Amino acid sequence: MTIDWELTGKIIWCVGIVAWGVIRFRPNIKSRQTSIAVTERPLKERFSMFVSQLGLGIIPGIWVFSGFPSQLDHQTYPITIMIGALVFFGSLLLFRKTHKALGKMWSHSLDLREDHKLVTHGIYKRVRHPMYSAFWLWAIAQPFLLSSWLAGFAGIAGFGTLYFLRVGQEEIMMQNQFGAEYEDYCNQTKRIIPYIY
Ligand code: SAH
């Protein structure tokens, strides 16, 4: 029996997306029970959220289900599919840990909830943006799993746009809210890669 590795990569990507949705389902419902006190969603934030969804979901989803645009397809190697599966799995584990630690303080945009507390425990002890680390791992897994230059690299371009447009603004928002407490936390942690960046 010969394995269709291109199809295997597509299936793993789909399973990863579904697992991502399952992990987020309950935190999404729970966090909505606490209302939002401060929100910062300028046009830049809305634009970058759209671009990120385009790169991590819409463009690869179209390619996976329709094969469009086939002109940018490339050869598939079993080893890249295996690496992609491993990286996506790591991303899901990390994503689960971030929701566990952040609890109802989570929101999908730049918001502060009523009685917002600064989370510094669990995975937030290691880096201050572990959820973005998890999204980076997903974006990195995508070109390994999908045998299309466009669908594969759209994730890095899309999430990269969101990350670089948002992270500085998020830190300013947290700094304004928590002052010295956040400054201390920043001095003790890196952004997304422990000890490095
Ligand atoms: N940047 C974080 C969280 C992403 S979710 C990460 O990558 O893990 C975005 C929301 O989380 C922001 O609107 C902010 O209100 C909240 N947030 C970010 N860091 C936080 C922290 N350390 N404690 C509590 N809330 C935080």
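Trainee: Helices (H or I, at least four residues) and strands (E, at least two) are DSSP runs, numbered from the N terminus. Which helices each supply at least two residues of the lining of the second largest pocket?

Mentor: H1 and helix H3 (78–102) do. A pocket is an open set of points on a 1 Å grid over the protein atoms alone, where a 1.4 Å probe fits, with protein on both sides within 12 Å along at least five of seven lines; lining residues have an atom within 4 Å of a point. Keep in mind that this is a predicted model: local features need pLDDT of at least 70, side-chain atom pairs count only at pLDDT 80 or more, and totals for chains, interfaces and linings use all residues. Residues are numbered from 1 along each chain as its sequence is written, and side-chain values use heavy atoms, without hydrogens or water.

Trainee: Which element gives the largest share of that lining?

Mentor: H1, with five residues. Val-22, Ile-23, Arg-26, Pro-27, Lys-30, Arg-96, His-99, Lys-100, Gly-103 and Lys-104 line the second largest pocket.

Trainee: How do they divide into nonpolar, polar and charged?

Mentor: Three nonpolar, two polar and five charged. Here Ala, Val, Leu, Ile, Met, Phe, Trp, Tyr, Cys and Pro count as nonpolar, Asp, Glu, Lys and Arg as charged, and the others, Gly among them, as polar.

Trainee: How much space lies in the second largest pocket?

Mentor: About 190 Å³. The largest pocket has a volume of about 820 Å³. A volume is the space filled by probe spheres set on the grid points, which are joined across faces, edges and corners.

Trainee: OK, the largest pocket. Which residues lie nearest its centre?

Mentor: Trp-106, Ser-107, His-108, Met-131 and Arg-166. They belong to a lining of 37 residues. By class, the lining of the largest pocket holds 21 nonpolar, 10 polar and six charged residues.

Trainee: And which helices supply at least two residues each to the largest pocket's lining?

Mentor: Helix H1 (5–31), helix H2 (43–66), helix H4 (130–145), helix H5 (149–178) and helix H6 (180–188). H5 gives the largest share, six residues.

Trainee: Switching to the ligand. Which residues come nearest?

Mentor: Asp-111, Val-119, Tyr-124, His-129 and Glu-170, out of 21 residues around the ligand. A residue is near a molecule if one of its heavy atoms lies within 4 Å of it.

Trainee: What does Tyr-124 do there, atom by atom?

Mentor: A polar atom in the side chain of Tyr-124 sits 2.6 Å from a ligand oxygen. His-129 places a side-chain N or O atom 2.8 Å from a ligand nitrogen. Tyr-132 uses a polar backbone atom, 3.0 Å from an oxygen of the ligand. On its own the ligand has 530 Å² of accessible area, and the protein covers 99% of that. Those areas come from the Shrake-Rupley method with a 1.4 Å probe.

Trainee: What about Asp-115, what is its phi?

Mentor: Near 55°, a positive value in a residue other than glycine. Asp-115 lies in the loop between S2 and H4.

Trainee: Is Asp-115 buried or exposed?

Mentor: Exposed, because its relative accessibility is 60%. Exposed means over 50% relative accessible area, buried under 20%, partly exposed in between (1.4 Å probe, protein chains only). Tyr-195 also has a positive phi, near 65°. Tyr-195 lies in the segment after H6 and is exposed at 78%.

Trainee: And Gly-122, where is that?

Mentor: In the loop between strand S2 (111–113) and H4. Gly-122 counts as partly exposed, because its relative accessibility is 43%. Its C-alpha is 13 Å from that of Leu-93, across 29 residues of sequence.

Trainee: Last stop, Ser-147. Buried or exposed?

Mentor: Buried, at 2% relative accessibility. Ser-147 is in the loop between H4 and H5.

Trainee: Which side chain does Ser-147 contact?

Mentor: Thr-76, through a polar contact of 2.6 Å. A polar contact is a pair of N or O atoms within 3.5 Å; within protein, one must be able to donate a hydrogen and the other to accept it, and residues adjacent in sequence count only if both atoms are side-chain atoms.

Trainee: And Ala-141, which helix holds it?

Mentor: Helix H4. Ala-141 is buried, with a relative accessible area of 0%. Ala-141 and Phe-153 are 12 residues apart in sequence, and their C-alpha atoms are 9.7 Å apart.
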